[in-house]
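Trainee: I would like to learn how to read a model like this one, feature by feature. Could we go through it slowly?

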Amino acid sequence: MSGRPMIVIGSANTDMVMEVPTLPTHGETVLGHEFKIVSGGKGANQAVALARLGTRPVTFIACLGDDDFGRAALDNYKKDNIDTDHIVIKEGAYSGVACIFVAEDGENAIGVSAGANALLTPEHINQNEELISSAAMVLLQLETPLETIERAIDLCNKHNVPVILNPAPAKGPLDSRILAKVQLLTPNETEASHLSGIEVVDLASAEQAAKKLLELGVKEVIITLGEEGALHCTKQDCHHIKAPAVKVVDTTGAGDTFTGGLATALTEGLDIEKALLFANHAAALAVTKAGAQPSVPTREQVEAFLAEK
């Protein structure tokens, strides 16, 4: 690998995944099938996606606890040749965890305990300003403190480094002051609904939500639509890129694979339509396997899948 690095600033979790016939409703106990413990967290997932899909070095800035989960996560990142030198290990803290139910139709329900992710501070971002200034692109999510995310965006703006903000898991609107500093926002349907105040139920409402977010200052918006693909909007126009049809096993981490694929393609000089095509195919492959990071495909697998179409 060579060239300016891709940097991910964000969350690192250990996912405890249980396969169930259907997602439990309030007060319901569902007997599960297979149980797995795998590496997850939206930041870590995106770092793994960049490492497997791209040709640039990848650096992950995060915070882990000094525990078995944290040590196992570090080992896994190193296996994907991710630079872990800027990951903080917090003594006495526990690493982030997620409990995930995956239904037979591939849909999931997730509960997250932030743990050490909540301890990633703006000061740590300041310590990495020189590294951030050298990046080809920086990827961010919303599973670490908002003030830390905002500081990272400010440094990227200061050094003219493009930012992709994957606003997950957004539960309400974001300050327009933050959105105005973001080059590319990649919410899913639910997140776009929360951020814009417009319920996204189809392509027409997705376009309305995207235009609302553009009015708040975002330069470009890509709303991921699951099996329907993705909608890309600028102030000039919108266009829809369909996703390839696949058999869905587990949607966990698909959005992170999409974001990693998109960032990879854009920094390699592909136009937005080809970048979306690449990202859609990467995400489609991801949903055919279980687990967040175990399901992330390689560059070769995505290129072979594209060649089939």
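Trainee: In what order do the strands of the open sheet lie, and what kind of pairing do they have?

Mentor: Bear in mind that this is a predicted model. The open sheet has 4 strands in the order β3-β2-β7-β8, and the pairing is mixed. Its edge strands, each of which pairs on one side only, are β3 (35-40) and β8 (108-113), and from one strand to the next the twist averages 20°.

Trainee: In which sense do strand β2 and strand β7 pair?

Mentor: Strand β2 (residues 13-19) and strand β7 (residues 96-102) pair in the parallel sense, over 7 bridges; for E19, the bridge partner in β7 is V102.

Trainee: Which strands does helix α2 lie across?

Mentor: Helix α2 (residues 68-79) lies across β2, β3 and β7, and runs at about 65° to β3.

Trainee: At what angle do helix α10 and helix α11 pack?

Mentor: Helix α10 (residues 272-286) and helix α11 (residues 299-308) pack at about 110°, with their axes 9 Å apart, which means that α10 is roughly perpendicular to α11. Among the residues making the contact are F278 and H281 of α10, together with V302 and F305 of α11. Sorted by class, this contact has 8 nonpolar, 2 polar and 1 charged residues.

Trainee: Is H281 buried or exposed?

Mentor: The general idea is to compare the relative accessibility with a cut-off, and buried means under 20%. H281, which sits in helix α10, counts as buried because its relative accessibility is 5%. The side chain of H281 also reaches the backbone oxygen of L277, at 2.9 Å.

Methods. Residues are numbered from 1 along each chain as its sequence is written. This is a predicted model: local features need pLDDT of at least 70, side-chain atom pairs count only at pLDDT 80 or more; totals for chains, interfaces and linings use all residues. Side-chain values use heavy atoms; hydrogens and water are left out. Axes are lines fitted to C-alpha atoms, for helices over the stretch in contact, and angles run from 0 to 180 degrees between N-to-C directions. Helices (H or I, at least four residues) and strands (E, at least two) are DSSP runs, numbered from the N terminus. Angles under 35 degrees count as roughly parallel, over 145 as roughly antiparallel, 65 to 115 as roughly perpendicular and the rest as oblique. Contact means heavy atoms within 4.5 Å. Ala, Val, Leu, Ile, Met, Phe, Trp, Tyr, Cys and Pro count as nonpolar, Asp, Glu, Lys and Arg as charged, and the others, Gly among them, as polar. Buried means under 20% relative accessible area, exposed over 50%, partly exposed in between (1.4 Å probe, protein chains only). A polar contact is a pair of N or O atoms within 3.5 Å; within protein, one must be able to donate a hydrogen and the other to accept it, and residues adjacent in sequence count only if both atoms are side-chain atoms. Two strands pair if DSSP finds at least two bridges between them.
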